[in-house]
Amino acid sequence: MPNIEGLLKIINEIPESDETAPERVAELARKYKEVFERRPGEIEHFLTNCNSRIGSAAMMAAIKALYDNSIARNNEQGADRAVEFLKHFIESGSMVAEHLKLIPDIVFPLVRNAVYYCLRKKNEPQIGHDLAVSAMRLLVDPNEGIVSNVTALVNENAPHTSESSVDSAQQNRKQRTVLAQATVHFESKYMLLYLYYGALLLMRRNELRRAISLLESAILIPGSATTVVQLDALKKSADSNRC
């Protein structure tokens, strides 16, 4: 019977020079999805011992299983831990973007849900913002300027008052308020539709690389539930990547 320790051994024995490794691990990630879901207590051991340069896809599947399992059981501590792992591995540069894009149905919903969790459930807009921007930098083509636009959107009204004239605690409260207000725009259905329809137009012009960037950005828009538009964006992104 498949077990997490066995998967860890398989991944860590794959040489980094193996060109078939990304596809093999992506397949394993899907195969072991239910194993991760049944044994969330073993996920932390797996994440801390897995070679991320080979096992990025499996690690992301494990984090998603931990997050989903925790949310389903109203286990806030487990959900927090999953978000911590996700943020750490993305921001540390441990994850390999090309490997993660082999499992778009796992990585994009996970990031979107985790960002929404930070913004709405935990009332931690700064953490949600940092995670969203880090994920977009990792997963979205930087040449499209989408990441910088989102960052500007969140920070455009940030206060510029000097520390000498405003108490630091008051300054932090102001920044949290501004970020909370800005995320309303970031979550907006209008941004989602803008990205989605922009991608459709680019696909008609056969500019697939740019279209994929917009579709991937649309999938990352945070929310409590996946929208019909995001599901279609996910499908179109996967289809375009196969072209």
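A charge sits over a ring if NZ of Lys or CZ of Arg is within 6 Å of the ring centre and within 35 degrees of the ring normal. In this predicted model, the charged end of Arg81 sits over the ring of Phe85, 4.4 Å from the ring's centre. A search of the whole structure also finds three aromatic pairs, and two of them are described below. A pair of aromatic rings is described by the distance of the centres and the angle of the planes.

**Tyr67 and Tyr117**

- Tyr67 and Tyr117 form an edge-to-face pair, with 5.9 Å from centre to centre and 90° between the planes.
- This pair links distant parts of the chain, as its members are 50 residues apart.
- Tyr67 belongs to helix H5 (residues 52-72), and Tyr117 belongs to helix H8 (residues 104-121).
- Tyr67 has a relative accessible area of 6%, so Tyr67 is buried.
- Tyr117 also counts as buried, because its relative accessibility is 6%.

**Phe85 and Phe89**

- The ring centres of Phe85 and Phe89 are 6.0 Å apart.
- Their planes are at 10°, so the pair is stacked; planes under 30 degrees apart count as stacked.
- Both residues lie in helix H6 (residues 76-91), and because they are four residues apart, about one helical turn separates Phe85 from Phe89.
- Phe85, the residue whose ring lies under the charged end of Arg81, counts as buried at 6% relative accessibility.
- Phe89 has a relative accessibility of 9% and therefore counts as buried.

Key. Residues are numbered from 1 along each chain as its sequence is written. This is a predicted model: local features need pLDDT of at least 70, side-chain atom pairs count only at pLDDT 80 or more; totals for chains, interfaces and linings use all residues. Side-chain values use heavy atoms; hydrogens and water are left out. Rings of Phe, Tyr and Trp (its six-membered ring) pair if their centres lie within 6.5 Å; planes under 30 degrees apart count as stacked, over 60 as edge-to-face and the rest as tilted. Helices (H or I, at least four residues) and strands (E, at least two) are DSSP runs, numbered from the N terminus. Buried means under 20% relative accessible area, exposed over 50%, partly exposed in between (1.4 Å probe, protein chains only).
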